Amino acid sequence: VPQRDNVVTSSRTGVATVTAGSAVGIVGGGQLARMTLQAADALGLEVTVLAEHPTDSAAASAARLLIGTPTTPEAMIQLADQCGVVTFDHEQVDLGILEDLERRGHLVRPGSRTLQIAVDKAAMRQRFAEAGIAVPRFAPLGQGGTDSERALAGIATFADEHGWPVVLKAVRGGYDGKGVWPVADRRAAERVCRNAHQHGTALLVEEAVEITAELAVLVARRPDGRRVAWPVVRTVQQVGICREVLLPAGLPPDVESAATALALEVADEIDSVGVLAVELFWAGDRVLVNEVAARPHNSGHWTIDGATTSQFENHLRAVLDLPLGDPSATAAAVASVNVLGGPEGLDPRDLLAGALDVPGAHVHLYGKAARPGRKLGHVTVCGDDLDDVRGRAWDAAIALGTPAITTEGDQRS
Ligand SMILES: Nc1ncnc2c1ncn2[C@@H]1O[C@H](COP(=O)(O)OP(=O)(O)OP(=O)(O)O)[C@@H](O)[C@H]1O
Ligand SMILES: [Mg+2]
């Protein structure tokens with residue numbers, strides 16, 4: 001493991017540390033932590049990042065860095081001991097460890113009870129349905145979720161009632177569409193069940209929603225329940241991965257207000273603290289909650305350049321129980337396009353000149369190793385006209401090696 005000169009590794013735990021006494025601890029060293037650090041810098045806040053690897057996106061920019069695994073108590077205790085509040089860049093956490101930290105009096109925000117819902121798609125669907133929040137029709141496959149025969153029986157019963165196709169999902173651990181499998185028939189479901197069984201993955205079955213558009217609403221919420229919501233954005237996914245985020249979302253006013261109301265309701269229901277990203281499906285006359293992430297989110301990267309207060313700054317404000325900033329957009333139109341690794345594995349840092357030549361392009365690269373399909377950065381353009389800013393954001397993203405969006409449907413297997 002390469003050693004940074006400002007890092008000391010404990011020989012007992014393998015956990016490394018730099019400086020004690022920082023205010024905020026972030027679990028995870030991905031790009032979300034990296035962009036949170038940028039916001040913390042402006043406010044003069046001290047942040048310690050717990051990264052799994054020294055090569056993680058945020059490790060290079062963290063003045064205070066711990067190297068350790070967030071699912072080990074040693075690493076989490078070490079982080080909590082030197083921070084006033086612990087928050088998150090990702091959801092690969094051990095809820096038992098978090099509950100333990102809370103019992104010892106550490107501030108964990110969002111708390112374990114919020115994360116319990118956010119990290120488990122079955123628990124999420126169940127809880128929201130019970131609270132009367134609209135979600136896709138679903139059935140938990142329960143204990144049978146890891147038993148391929150019983151899972152298949154549960155899927156067949158669900159499909160008898162609601163019809164094929166259905167969507168199967170890993171209850172935990174999915175991201176960027178990994179862990180989401182649309183299946184057309186019993187045979188396809190069988191394949192997914194067998195695979196899931198081999199990997200010990202619990203599944204959930206739900207209706208294949210005929211989506212008019214996918215939306216996202218971000219809410220920043222303080223411990224006492226005061227909260228703000230950013231404007232509704234439209235997100236465009238291809239094979240489960242977010243390709244672009246657009247504002248305005250171009251919605252009928254009733255759909256727009258329903259989306260915002262749902263997101264606020266969800267935030268209150270699970271008592272979220274910090275940023276909560278609520279992903280929604282607009283499907284004809286229904287607005288449904290797809291899933292939530294209890295942290296800053298890809299659908300809110302536009303707020304760095306296009307809102308009065310960014311999601312990263314408001315996340316810090318919220319977890320520190322400070323006044324929240326104005327979430328409104330600073331331009332009539334904002335487009336954010338994700339920079340994805342292309343098939344040749346070119347490093348977007350080597351292609352900066354082309355992107356920086358695009359007028360108004362705000363380029364954000366995460367310092368990650370280039371691999372095909374991996375999120376390596378994003379580009380935001382703000383202006384008066386959505387077609388114009390969207391075109392420029394794509395020009396810059398493509399100059400950075402991002403593959404163009406294709407129309408070949410959403411075929412996953
Ligand atoms: N029930 C459904 N019907 C139709 N499409 C769906 C359904 N569930 C998911 N999808 C599609 O798959 C995408 C990914 O699904 P989901 O958000 O549940 O998974 P994820 O991998 O956790 O995503 P993320 O990258 O946001 O973490 C959705 O954005 C949507 O495009
Ligand atoms: Mg999602």
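Select helix α1 (residues 31–43) and helix α10 (residues 311–319), which pack at an angle of about 70 degrees with their axes 8 Å apart. The model is predicted: local features need pLDDT of at least 70 and side-chain atom pairs pLDDT 80 or more, while totals for chains, interfaces and linings use all residues. Residues are numbered from 1 along each chain as its sequence is written, chains are lettered from A and ligands numbered from 1 in the order in which they are written, and side-chain values use heavy atoms, without hydrogens and water.

Helices (H or I, at least four residues) and strands (E, at least two) are DSSP runs numbered from the N terminus. Axes are lines fitted to C-alpha atoms, for helices over the stretch in contact, with angles running from 0 to 180 degrees between N-to-C directions. Because 65 to 115 degrees counts as roughly perpendicular, α1 and α10 are described in that way.

Next, display the contact (heavy atoms within 4.5 Å): Leu32, Met35, Thr36, Ala39, Ala40 and Leu43 of α1 meet Phe312, Glu313 and Leu316 of α10.

Now move to ligand 1. It is surrounded by 21 residues, the closest being Asp176, Gly177, Glu214, Glu279 and Glu291; a residue counts as near if one of its heavy atoms lies within 4 Å. Strands β9 (166–170), β11 (203–207), β16 (274–283) and β17 (286–293) each supply at least two residues of this shell.

Finally, select Glu206, where a polar side-chain atom lies 2.8 Å from a nitrogen atom of ligand 1. At Asn290, a polar side-chain atom is 3.0 Å from an oxygen atom of ligand 1. Such polar contacts are pairs of N or O atoms within 3.5 Å.

Terms used:
A polar contact is a pair of N or O atoms within 3.5 Å; within protein, one must be able to donate a hydrogen and the other to accept it, and residues adjacent in sequence count only if both atoms are side-chain atoms. Angles under 35 degrees count as roughly parallel, over 145 as roughly antiparallel, 65 to 115 as roughly perpendicular and the rest as oblique.
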